[in-house]
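Have the structure open while you read.

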Amino acid sequence: MTQVPEGQPLSVGPNLRQGPLDHVEAGHPEMSGLDAEPEEPPSGPRLTGQPQRRGRRRLALVCNVKPGVAVAPAHPAAEIPLDENEEFDSPETIAALAHLFSQEGYSVTVLEADRTLPRRLATGNFDLVFNIAEGRGGRCREALVPALCELLGLHYTGSDPLTLAATLDKDVAKRLLLGQVKTPAWRVVRTLADLRDFDLPYPVIAKPNDEGSSKGIHDDCKCADFTSLESLCRRLLDDYGRPVLVEAFIRGPEVTVGVVGNARPEVVGLMHVVPTQGEPGDFIYSLQAKRDFAARVRYAIPPELPHDVCQRLEAAALAVFRLLDCRDVARIDFRVGPDGEPYFIEANPLPGLSPTTGDIVLTAKAMGWTWEALITRILREAEFRQGVLRPILVVRPEQKRKKPRTLHVVSLPTTAAVAVVR
Ligand SMILES: Nc1ncnc2c1ncn2[C@@H]1O[C@H](COP(=O)(O)OP(=O)(O)O)[C@@H](O)[C@H]1O
Ligand SMILES: [Mg+2]
């Protein structure tokens with residue numbers, strides 16, 4: 001993996017030009033000199049999932065690359081929070097994904113999800129879009145790439161725009177689950193005036209309603225009284241310009257559950273995030289804790305929790321996955337309450353896929369998967385869901401005969417029907 005010196009601006013161009021990625025096409029604007037104009041599509045609509053030509057299938061890896069230079073507190077644009085780019089992916093993650101997809105037989109083009117994306121996607125003649133773009137903008141930012149794919153009739157991995165928008169807005173996700181999955185009591189604060197009738201018992205946690213990667217969630221986000229809640233809400237409203245979600249603080253173990261699949265979703269594993277300092281129940285998996293994860297937490301996979309609690313967590317994760325119409329992959333965060341019940345915190349249908357730090361990746365690895373197996377599973381889920389790949393027909397030559405031909409489905413893995421024709 002190419003290492004990028006600390007403090008240097010990051011560019012995926014040089015990294016992708018090296019070694020195994022020589023054949024990866026570059027559509028990313030930072031790939032100077034490699035930014036070939038995508039070829040024109042064939043005339044006529046592309047309505048089926050089948051590749052339109054022989055040869056390598058074309059995959060667009062659509063992402064937002066994390067810039068290398070953080071905004072320093074003394075920066076003139078100090079109003080930009082320091083976690084501005086926290087959700088975005090590193091060039092190392094993108095290079096690893098591109099390399100894997102090329103090994104899977106795709107001709108890979110890396111595209112930044114910016115204003116040039118519509119034109120690049122429209123003219124790229126892609127068979128599949130692998131979407132990891134977190135997007136920029138408001139609460140629908142994660143939905144933009146899937147919506148664009150739908151407009152252009154392109155197949156894409158992961159959840160659709162509705163699910164991505166509904167899960168990024170934590171208030172909306174909780175409302176959709178209400179009465180079906182336990183979730184902490186909450187209020188939405190759009191202006192400080194909304195605190196006038198605040199009636200939840202303390203302690204509470206206040207966090208931006210539609211951010212991710214613990215943006216705006218610091219170690220001091222737990223509030224024991226109205227004064228601290230009001231000042232925290234003021235800061236979050238000022239910094240993020242977004243509504244604040246105030247929730248009952250669930251004092252109990254933190255577990256995140258990885259799920260893959262579609263019709264029959266499957267739990268990849270449960271990651272119990274155990275703090276290495278402080279009172280475990282008071283733990284907040286804050287921005288600081290995520291950045292300094294090696295020192296501040298350890299991951300217990302499977303969780304150091306009773307079997308029945310783990311079973312309830314799995315059942316709740318699968319229920320959330322279905323109720324929110326997630327597709328292909330998602331990671332769902334819970335806190336376990338004093339009653340031993342899982343409380344839904346949020347769903348992440350675009351979980352980080354870093355080979356070294358992604359929570360779902362670490363979970364999968366601890367459960368015996370390789371990173372490659374996890375990513376190709378997500379890819380296959382999307383391919384078969386949309387007919388980009390057809391189920392494989394295996395013909396046993398020694399059993400070939402003219403008539404009768406019976407189709408026996410001998411195995412139905414969740415990704416594909418593998419049928420044997422006898
Ligand atoms: N209601 C809550 N009770 C206890 N801890 C919470 C609660 N909500 C959030 N947290 C803590 O804050 C972390 C980040 O919150 P989360 O809603 O998952 O935001 P993000 O989308 O940024 O990951 C959680 O992983 C958890 O540690
Ligand atoms: Mg979270």
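## Burial, and a well-enclosed strand

A quick definition to start: a residue is called buried here if 20 or more other C-beta atoms lie within 10 Å of its own, with C-beta atoms placed from the backbone. Keep in mind that this is a predicted model. By that burial cut-off, five of the five residues of E6 are buried, so E6 is largely enclosed by the rest of the structure.

Across the whole protein, buried residues make up 43% of the 422 residues. The secondary structure comes to 12 helices and 16 strands. If you look at contacts with a sequence separation of 6 or more, 70% of them link residues 24 or more positions apart.

In general, nonpolar side chains of soluble globular proteins tend to be buried together. In this model, the largest nonpolar core counts 100 residues, and the ones with the most contacts inside it are Leu61, Val62, Leu97, Val129, Ala206 and Phe334. Helix H2, residues 91-103, supplies the largest share of this core, with seven residues.

What is Leu61 in contact with, leaving aside its neighbours within four places in sequence? The list runs Ile94, Leu97, Ala98, Phe101, Val108, Val110, Leu111 and Phe130.

## The four-stranded sheet

Back to E6 and its surroundings. Four strands make an open sheet in the order E5-E8-E6-E7, and the pairing is antiparallel. At the edges are strand E5 (186-189) and strand E7 (222-223), each of which pairs on one side only.

Now for the pairings themselves. E5 and strand E8 (residues 244-248) run antiparallel and are joined by four bridges, with Val188 opposite Leu245 in E8. Between E6 and E8, also antiparallel, there are five bridges, and here Pro208 stands opposite Val244 in E8. E6 and E7 run antiparallel too, with two bridges between them; Ile205 has Lys222 in E7 as its bridge partner. A helix goes with this sheet: H7 (residues 226-240) lies across E5, strand E6 (204-208), E7 and E8, at about 10° to E6.

Arg187 is worth a click.

Which residues does Arg187 touch, not counting residues up to four places away in sequence? They are Phe198, Leu200 and Val246. Arg187 and Val246 are 59 residues apart along the chain, and their C-alpha atoms are separated by 5.3 Å.

## The five-stranded sheet

There is also an open sheet of five strands, in the order E11-E10-E9-E12-E13, with antiparallel pairing. Strand E11 (297-300) and strand E13 (342-348) are at the edges with a single partner strand each, so one side of each has no neighbour in the sheet. From one strand to the next, the twist averages 25°.

Inside this sheet, strand E9 (residues 254-261) and strand E10 (residues 266-275) run antiparallel, joined by seven bridges. Glu254 is the residue opposite Val273 in E10.

One runs from Tyr202 to Pro203, with omega near 5°, and Pro203 is in the loop between E5 and E6. Another runs from Ile301 to Pro302, with omega near 0°; Pro302 belongs to the loop between E11 and helix H10 (307-323).

On the phi side, Asp325 is not a glycine but has a positive phi of about 60°. Its place is the loop between H10 and strand E12 (328-336). Asp328 also has a positive phi, near 70°, in a residue other than glycine, and Asp328 sits in strand E12.

Asp328 is buried, with 23 other C-beta atoms within 10 Å.

Note on methods
Residues numbered from 1 in each chain as written. Chains lettered and ligands numbered in written order. Predicted model: local features only at pLDDT ≥ 70, side-chain atom pairs only at ≥ 80, totals over all residues. Pairing = 2+ DSSP bridges. Contact = placed C-beta atoms within 7 Å. Axes fitted to C-alpha atoms, helices over the stretch in contact; angles between N-to-C directions. Core = buried A, V, L, I, M, F, W, Y, C linked by C-beta atoms within 7 Å. Buried ≥ 20, exposed ≤ 12 C-beta atoms within 10 Å, placed from the backbone.
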